[in-house]
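Let's take a walk through this protein fold together, one piece at a time. Have a look at the picture first, then read on.

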Amino acid sequence: MIWLIGWKTIIKRLWAGLHTCRRCLGHHPHDLQERTEWGTLFFVPLVPLRRERILTCSYCGLETRLSKAETGQFMEMAGPPDLRY
Ligand SMILES: [Zn+2]
């Protein structure tokens, strides 16, 4: 029997909206994503291997990695997502 083992990255959008960028200092649309790398068996994601939350400025492309606690604080401070962005 052949075991098909691999990995797959699943990206989940957690938040989007206007935020002040730390690099370009503008108030531009940002996107907060949770990227989870899964271990797969027969193409079915079974085990989460790595998870990171990244806030990206759509203007300059600055990516900021946030911890789970920082993500909670950010989403509380930033308010509800505005998915127009
Ligand atoms: Zn920026």
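Before we start, one term: two residues are in contact if their C-beta atoms, placed from the backbone, lie within 7 Å. With that in hand, take Leu-14: leaving out residues up to four places away in sequence, Leu-14 touches Leu-32, Gln-33, Glu-34, Arg-53 and Met-75.

## What you're looking at

This is a predicted model, where local features need pLDDT of at least 70, side-chain atom pairs count only at pLDDT 80 or more, and totals for chains, interfaces and linings use all residues. Residues are numbered from 1 along each chain as its sequence is written.

So how confident is the predictor? That's what pLDDT tells you: the predictor's confidence in each residue, from 0 to 100. The protein chain averages a pLDDT of 93, and 96% of the residues score at least 70. Confidence is highest in S3, at a mean of 97, and lowest in H1, at 91.

## The overall layout

Helices (H or I, at least four residues) and strands (E, at least two) are DSSP runs, numbered from the N terminus. The protein chain has one helix and four strands, and along the sequence they follow the pattern β-β-β-β-α. The radius of gyration (taken over C-alpha atoms) is 16 Å, well over the 12 Å that the globule rule (2.2 Å times the number of residues to the power 0.38) gives for 85 residues, so the chain is more spread out than a compact globule.

You can see that in the box the C-alpha atoms fill, roughly 55 × 25 × 20 Å along the principal axes. What share of the 85 residues counts as buried? It's 9%, where buried takes 20 or more other C-beta atoms within 10 Å of a residue's own, exposed takes 12 or fewer, partly exposed is in between, and C-beta atoms are placed from the backbone.

## The sheet

Two strands pair if DSSP finds at least two bridges between them. The four strands make an open sheet in the order S1-S2-S3-S4, with antiparallel pairing. Strands S1 (5–20) and S4 (63–66) stand at the edges with a single partner strand each, so one side of each is left without a neighbour in the sheet. Neighbouring strands are turned by 30° against each other on average, direction ignored; axes here are lines fitted to C-alpha atoms, for helices over the stretch in contact, and angles run from 0 to 180 degrees between N-to-C directions.

Now go pair by pair. S1 and S2 (residues 27–41) are joined antiparallel over 15 bridges, and His-19 has His-28 in S2 as its bridge partner. Twelve bridges join S2 to S3, with Thr-40 partnered by Pro-45 in S3. S3 and S4 pair over four bridges, and Ile-54 has Arg-65 in S4 as its partner.

## The turns

Which residue in the turn between S1 and S2 has a positive phi? It's Leu-25, at about 60°, in a hairpin with six residues between the strands. The hairpin of S2 and S3 has two residues between its strands, and Phe-42 in that turn has a positive phi of about 55°. Most residues other than glycine have a negative phi.

In the hairpin of S3 and S4, five residues lie between the strands, and Gly-61 takes a positive phi near 85°.

## The helix and two residues of S1

Helix H1 (residues 68–78) lies across S1, S3 (44–57) and S4, running at about 35° to S1. Back to Leu-14, which lies in strand S1: Leu-14 is partly exposed, with 16 other C-beta atoms within 10 Å. Leu-14 and Leu-55 are 41 residues apart in sequence, yet their C-alpha atoms are 9.6 Å apart in space.

Ile-10 is in strand S1 as well. With 12 C-beta neighbours inside 10 Å, Ile-10 counts as exposed. Ile-10 is in contact with Thr-36, Trp-38 and Pro-45, leaving aside neighbours within four places in sequence. The C-alpha atoms of Ile-10 and Arg-35 are 5.8 Å apart, although 25 residues separate them along the chain.
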